[in-house]
Amino acid sequence: MSTRTLDEVRLWTRDLGSCLHGTLATVLLHDGHDPVTVLGAPWEFRRKAGAWTTEEYYYHAEPDSLAKRLALFHPFESSWHRSTSQDGDGLDELRDALAAGVLPIAAVDNFHLPFRPAFHDVHAAHLLVVWRITDTEVFVSDAQPPAFQGPIPIADFMASWGSANPADDGDVFFSASPSDRRWLHASMRGPVPEPDRAWTADVIRENVARFRRPSEGDTLSGVDGLRDYLDELCALPPGSGAAEVALSELYVISWNIQAQAGLHAEFLRRQGLALQSLDLTEAAARVNAVAHGWTGVRMTGAHSRVWDRHRPAELRAHSTELLRRLEVAIEQLDRTADALSRRA
């Protein structure tokens with residue numbers, strides 16, 4: 001069997017990020033695109049009740065519009081595939097993708113990955129990039145600490161890629177979600193915009209408009225949607241089954257919401273340097289404060305869920321501060337867009 005390979009790829013991660021942004025960034029870098037611009041330009045809040053899944057990479061989007069939702073201002077698209085091969089190990093689909101110049105992003109279970117701390121200890125849904133396959137090994141790239149790039153035995157990869165990922169008390173948030181031999185194909189499918197002053201102003205205005213629009217249908221969105229969601233959480237009866245489920249959802253869905261806020265702050269900061277705009281630099285600081293404001297909300301929810309001690313008063317305090325920071329950031333972004341337009 002012949003080897004299928006691409007050049008060694010680049011590891012990319014951020015402190016607030018998950019494997020979702022990290023793997024998509026690796027694909028973008030491999031194809032010559034800047035992940036901070038592509039994934040950092042959009043910023044929003046969206047939540048649909050009951051739509052979440054127990055995976056580190058969950059983000060509220062239709063299955064085949066995940067990359068498109070994360071890159072609202074670029075023609076970056078993705079589609080999920082599932083190996084249905086009845087013969088062999090199913091790796092031929094990944095080999096064909098590599099031969100076509102595509103970096104497959106595989107859904108895996110940390111329990112079976114020799115380089116993860118959870119190896120043979122804890123089941124948890126995760127993503128990694130496959131960049132080479134030989135007769136005996138699969139070369140993977142995983143930027144999530146502890147970062148790893150290199151070969152693992154095919155048997156270990158197949159166990160992880162095909163894992164049932166059973167419910168595991170060691171990780172109540174990201175277990176109970178089968179890998180199911182799924183992989184994500186993500187690519188840029190059109191010309192990318194020039195990140196100049198006018199484009200940056202338009203991006204900011206669209207983000208602000210989404211935060212100020214009311215929720216539609218059964219999807220909560222924007223500032224008011226976030227306020228309604230946090231109010232729901234704070235009103236949950238302590239110790240109830242509803243609180244347990246809702247706090248699990250909070251931890252899962254807010255990881256990549258927080259990651260997006262942190263990445264948007266980095267995008268604004270970099271644009272501020274490139275465009276010599278103090279307004280952008282100030283906006284970056286305000287959005288960064290929102291990103292870190294999510295930590296208190298997420299961790300209060302997670303600790304309450306794991307220790308079975310829901311603390312609505314603590315959650316309310318963190319939620320109030322998060323919303324205050326968000327409103328300050330939105331006002332600053334409004335001023336920044338106007339300032340950019342005047343100088344365009």
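Author: What follows covers salt bridges, a charged patch and a serine.

Author: This is a predicted model, in which local features need pLDDT of at least 70 and side-chain atom pairs count only at pLDDT 80 or more, while totals for chains, interfaces and linings use all residues. Residues are numbered from 1 along each chain as its sequence is written, and side-chain values use heavy atoms, with hydrogens and water left out.

Reader: OK, how many salt bridges are there?

Author: The count comes to 23 salt bridges, where a salt bridge is a side-chain nitrogen of Lys or Arg within 4 Å of a carboxyl oxygen of Asp or Glu.

Reader: What does glutamate 266 pair with?

Author: Its side chain meets that of arginine 14 in a salt bridge, at 2.8 Å from N to O. The pair links distant parts of the chain, 252 residues apart, with glutamate 266 in helix α8 (residues 241–275) and arginine 14 in the loop between β1 (4–5) and α1 (19–30). Helices (H or I, at least four residues) and strands (E, at least two) are DSSP runs, numbered from the N terminus.

Reader: And is glutamate 266 buried or exposed?

Author: Glutamate 266 counts as buried because its relative accessibility is 12%, and buried means under 20% relative accessible area, exposed over 50%, and partly exposed in between, with a 1.4 Å probe and protein chains only. Arginine 14, at 32%, counts as partly exposed.

Reader: Which residue does aspartate 338 meet?

Author: The side chain of aspartate 338 meets that of arginine 205 in a salt bridge of 3.3 Å, N to O. This pair also links distant parts of the chain, since aspartate 338 is in helix α10 and arginine 205 in helix α6, 133 residues apart.

Reader: Switching topic, where is serine 319, and what does it touch?

Author: Serine 319 lies in helix α10 (residues 312–343), and, leaving aside residues up to four places away in sequence, it touches Leu230, Cys234 and Val297, contact meaning heavy atoms within 4.5 Å. Serine 319 is buried, because its relative accessible area is 1%.

Reader: How far apart are serine 319 and cysteine 234?

Author: They are 85 residues apart in sequence and 8.8 Å apart in space, C-alpha to C-alpha.

Reader: Last one, which residues are linked in a network of salt bridges?

Author: Glu44, Arg69 and Arg210 are linked in such a network.
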